[in-house]
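Here are my notes on the model, point by point. Please read them with the structure open.

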Amino acid sequence: MGGRVVILGIYVTDLAFRASRMPLIGETIAGSTFAMGPGGKGSNQAVAAARAGAEVVFCTRLGNDAFGDIARATWQAEGIVARATSVEGMATGAAHIFVEEGTGHNAIIVAAGAAGTMDAGDADAIEADIASAQVFVTQLEQPVDAARRGLEIARRHGVTTVLNPAPALPLPDDIFALCDYVTPNETEAATLTGIEVRSRDDARRAADVLLAKGAGAVIVTLGEAGALMHSRARSVFVPAFQCGPVIETAGAGDGFTGGFAAALARGDDPVEAIRFGCALAGISVTRPGTAPSMPRLAEIEALLGAAAAAG
């Protein structure tokens, strides 16, 4: 596929519990399954992009512990170049993921651990990597200062920038001028703009707010409906791909962002890159886990080819 994607973000080990419902405070309920695996938005996006054919560099911080060993083994297996600093005396991040049986919907608690100490210096340390990339991606699970510096460096070197504003946080307006693409989901768009997103028209109104703050284009992901790209030049809705029963949605947003970045890096038109990201996400929700659910390039291309043939 080709193209280099540099991602700055966090790794956490996912601890996923599946049950019929969330317990109440003070209540203990029986779960049906438990699974442990690699996660963290940045790391998940790196795995998605690598499996989609991109050359990927991932920057983060880890603890010197067993979860850190899982992280490094994951990246090595996926062919991801890791720029991961070990922080003595701090744990690698972890995430509690509740998955609702029957729907695949999830609720997540993330503790960033060592990655929560990231700062602008982490981005400075990978300037050469960023400068040689086609696309730079970051999120908000690590401190905003690190994300901002990465965006500034990418902009200085003419690298396409993607900000996935998750988890949703109030942001200074001037950060949006550093972003070629901002990729919130409905909840994140509402937090950033104050506009509740229940429809495509709502998504356009929310996107207009972010465009006014300086974003180049806004892609509002709309879950099982698809994604809306809204810029000053055009507004395009891309429907989701229905690939079978939904098992787990926890990795879908990361899959979309990683796939979108990989497709942009190889030179795809933004709308085609969104379609590619939607296809990747559509396959991922039919499988358990976050990073482990990400499909390979051949699977994504087969789905896109079948959709094209069906008209």
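1. Phe-17 has a relative accessibility of 38%, so it counts as partly exposed (buried is under 20% relative accessible area, exposed over 50%, partly exposed in between; 1.4 Å probe, protein chains only). Phe-17 lies in strand β2, residues 12–19.

2. This is a predicted model, in which local features need pLDDT of at least 70, side-chain atom pairs count only at pLDDT 80 or more, and totals for chains, interfaces and linings use all residues. Residues are numbered from 1 along each chain as its sequence is written, and side-chain values use heavy atoms, with hydrogens and water left out.

3. The largest nonpolar core has 49 residues, among which Phe-260 and Ile-274 touch the most other members. Helix α9 (residues 270–284) contributes the most to this core, nine residues. Such a core is a set of buried Ala, Val, Leu, Ile, Met, Phe, Trp, Tyr and Cys residues joined through side-chain atoms within 4.5 Å. A second, separate core has 45 residues, including Val-99, Leu-163, Leu-178 and Val-182.

4. Leaving aside residues up to four places away in sequence, Ile-274 touches Ile-219, Ala-227, Met-229, Val-238, Phe-256 and Phe-260 (contact means heavy atoms within 4.5 Å).

5. An open sheet of nine strands runs in the order β5-β4-β1-β8-β9-β10-β11-β12-β13, with mixed pairing (two strands pair if DSSP finds at least two bridges between them). Helices (H or I, at least four residues) and strands (E, at least two) are DSSP runs, numbered from the N terminus.

6. Strands β11 (residues 217–221) and β12 (residues 226–231) run antiparallel and are joined by five bridges. Ala-217 has Ser-231 in β12 as its bridge partner.
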